[in-house]
Amino acid sequence: MATPNSSQDASLSSTKSSRRLFMKAAASGIPIAFAGCVGGDDSGNGNGNGGNGNGNGNGGNGDVSSGNGGVSDEANALLWGGSVPVQSLDPHFESAAATARVLENITQGLLRVNWDYELEPFLAESWETSDDNLEITFSLREDVVFHDGTEFTSEDVIESFRRIDEGEAIAAGYMDRVASMSTPDDYTFVMELSEPFAPMLFRLATSDMHILTAEQAQQDSIDEPIGTGPFQFESIEIDSEFVMTKFDDYWDDDLPYLDKVTKLEISDDDNRLNTFQAGELDFINDVPPRHAEDLEDDPDVDFINRFPKSLVYLGVNCNEEPFDSRDARLALEYAIDKQEVMEAALYGQGQVATSPATPGSQWEHPSLEPREQDFEKAQEHLEAAGYPDGFEATFQIPEQYNDQVTAAQVIEASAAQVGIELDIQLITWSNWLSDVYSDQNFQATTSSYLALWFPDAGFHRPLHSDGAFFFTGWEDEEYNELVEEARTLYDMEERAPLYHEAAEMLKERRSGHIMLYWTPTLMARHNGYTGEVMSPDGSTFRFEDTQLE
């Protein structure tokens, strides 16, 4: 899924390039999934389900002997039980959430997002935009060095962005809007746009546009990233362990507090939780929702619920019967009790969705309500669609996502009450990518998006017909034009009403995405581990300001 990539108007060739990258990764066994993604091609972060990976993970090898609140046998070393194995470490080409979660601490961008969904300076101390919004001038930090000891300059920035553009990287589509780049001096970088493009600055705040050394940016692939972050890459054992250590020359002299972070790859939810409760881990992510209440009541555990993480949806193929009919799509939606679906899937830990707008954001519609279950209206639309007795459809669900499997079962039971027979077929994530997403050989499915912290990620990428993750076949020219117009507006007070109108269109015209629910990030840690570990994008982690007491 996800979480946070290309141009305002991604071309068809860019979309195909995105799909080639996804399928190449899937074929090699990389767990890129959509909600496992933070990147995407042409509009922001990754799409879909996240790739829980197939590695079994070792987990739980540490001894309880730290004496500083942790469980590692090394002082000031954190043991983290992770749910999705890290397998690739190239910030510009790898879209898995597992990769972004560690790279967030190793490589850095010019900007980053804060908890108010606002951009703040990072490797750039400041930036200025020309009156016509075509020129962006970045003033870079002068006190930064990379992990290999080389000094950070504007040359590193321009070479990193050239790598993204010329290598058809995840964010390459965004570079389509760049007319030119220049480096007037070592600490000034200038980007000229071919036309006003509001999402560009937000895209620069994602890991897909992080800065590497100019030398490393010349490489076709990267196994050991050299960044400017508070931690540096130490080692990786695929499907077993990932290690990063404190960078002593980090540009913020006060950070980080930890000396080492070791991620033990434990893909099985119950195994990961049991290892944590046995005292062999300091911190785990992706706590199974069914255990949330018990952990909340445990005085020895700090249970963390950060909302939202991802948006789960029911996708239907608008190019194939029966869902080429708007009435058939509406009949299915009217058969669903979304509150019941969310309660069953997440044990009440989520929120029913109405649109791809992040809850609590300016671009969330102020009054739009989810469509309520109504069997009589479902029957009316079945008759209007020409299926008075209902219809049959396959329902392909990625098997490793327990919440989506449960959601599908609830939806199947409800739909059957109006004669809609959904045949649930559990498939692997790689088959979802190839059959459902790439070949569009499906009738109905579920998946999710994460890191929808800026509106372009949710409204363009999956729903605009030129979007990088467009696959349900719903095309509406008026919707496309509205979303394109929104991308030219920089003032959110002007821009937000366009997204409100777009949300109304998605509901009333019944797009190929029936929004189901928003999920939280559920984490647990022992009380001796403190500080904010979650990042505002809803997907990645930041360990720089956390510590073992």
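**Why each term applies: rings, helices and peptide bonds**

Q: In which strand is Pro308 found?
A: In this predicted model, Pro308 is found in strand S12, which covers residues 301-316. The peptide bond that leads from Phe307 to Pro308 is cis, with omega near -10 degrees.

Q: Which other peptide bond is cis, with omega near 0 degrees?
A: The bond from Glu321 to Pro322 is cis, with omega near 0 degrees. Pro322 is placed in the loop between S12 and H8.

Q: What makes H8 roughly antiparallel to H10?
A: The axes of helix H8 (residues 326-334) and helix H10 (residues 375-385) cross at roughly 160 degrees. Angles over 145 degrees count as roughly antiparallel, and H8 is therefore roughly antiparallel to H10. The two axes come within 8 Å, and H8 passes H10 in a left-handed crossing.

Q: Why are H14 and H15 called roughly antiparallel to each other?
A: Helix H14 (residues 477-486) packs against helix H15 (residues 492-508) at an angle of about 160 degrees. That value is set against the limit of 145 degrees, over which an angle counts as roughly antiparallel, so H14 and H15 receive this description. Their axes are 9 Å apart, and the crossing of H14 past H15 is left-handed.

Q: What makes the aromatic pair of Trp80 and Phe283 tilted?
A: The ring centres of Trp80 and Phe283 are 6.1 Å apart, and rings pair if their centres lie within 6.5 Å. The planes form an angle of 40 degrees. Stacked requires under 30 degrees and edge-to-face over 60, so the remaining term, tilted, applies.

Q: How do you know that the pair of Trp80 and Phe283 ties together parts that are apart in sequence?
A: Trp80 belongs to strand S1 (residues 77-82) and Phe283 to strand S11 (residues 283-285), so the pair joins parts that are 203 residues apart in sequence. Both Trp80 and Phe283 are buried.

Q: Why is the pair of Phe541 and Phe543 called edge-to-face?
A: The planes of Phe541 and Phe543 stand at 75 degrees, and the centres of their rings are 6.3 Å apart. The centres must lie within 6.5 Å for a pair, and planes over 60 degrees apart count as edge-to-face, so the pair is edge-to-face. Both Phe541 and Phe543 are buried.

Q: Which residues form one aromatic cluster with Trp80?
A: The cluster consists of Trp80, Phe283, Tyr529, Phe541 and Phe543. The whole structure holds 28 aromatic pairs.

Q: How do you know that Lys263 lies over the face of Trp80?
A: Lys263 lies over the face of Trp80, at 5.2 Å from the ring centre. This distance is set against a limit of 6 Å. Arg371 likewise lies over the face of Tyr334, at 5.5 Å from the ring centre.

Q: Why does Phe242 count as buried?
A: Phe242 has 1% relative accessibility. Buried means under 20%, so Phe242 counts as buried. Phe242 lies in strand S9. Its C-alpha atom is 9.7 Å from that of Gly82, although Phe242 and Gly82 are 160 residues apart in sequence.

Q: Why does Tyr257 count as partly exposed?
A: The relative accessibility of Tyr257 is 34%. Buried would need under 20% and exposed over 50%, so Tyr257 counts as partly exposed. Tyr257 is in the loop between strand S9 (241-246) and strand S10 (260-265).

Q: What makes Gln440 partly exposed?
A: Gln440 has 23% relative accessibility. Gln440 sits in the loop between helix H12 (429-438) and strand S16 (444-450), and has a positive phi of about 55 degrees although it is not a glycine.

Q: Where is the place of Tyr347?
A: Tyr347 is in the loop between helix H9 (338-346) and strand S13 (351-352). Phi of Tyr347 is near 55 degrees, a positive value in a residue other than glycine.

Q: How many helices and strands does the secondary structure of the protein chain come to?
A: The protein chain has 15 helices and 19 strands. Of its 549 residues, 63% are buried. The chain exposes about 19300 Å², with 39% of it supplied by carbon and sulfur atoms.

Terms used: Residues numbered from 1 in each chain as written. Predicted model: local features only at pLDDT ≥ 70, side-chain atom pairs only at ≥ 80, totals over all residues. Heavy atoms only, no water. Helix = DSSP H or I, 4+ residues; strand = E, 2+ residues; numbered from the N terminus. Buried < 20%, exposed > 50% of the residue type's maximum accessible area, 1.4 Å probe, protein only. Areas by Shrake-Rupley, 256 points an atom, 1.4 Å probe, with all protein chains shown as cover. Phe/Tyr/Trp six-rings, centres within 6.5 Å; stacked < 30°, edge-to-face > 60°. Lys NZ or Arg CZ within 6 Å of the ring centre and 35° of its normal. Axes fitted to C-alpha atoms, helices over the stretch in contact; angles between N-to-C directions. Parallel < 35°, antiparallel > 145°, perpendicular 65-115°, else oblique. Left-handed = near helix turned anticlockwise from the far one by under 90°.
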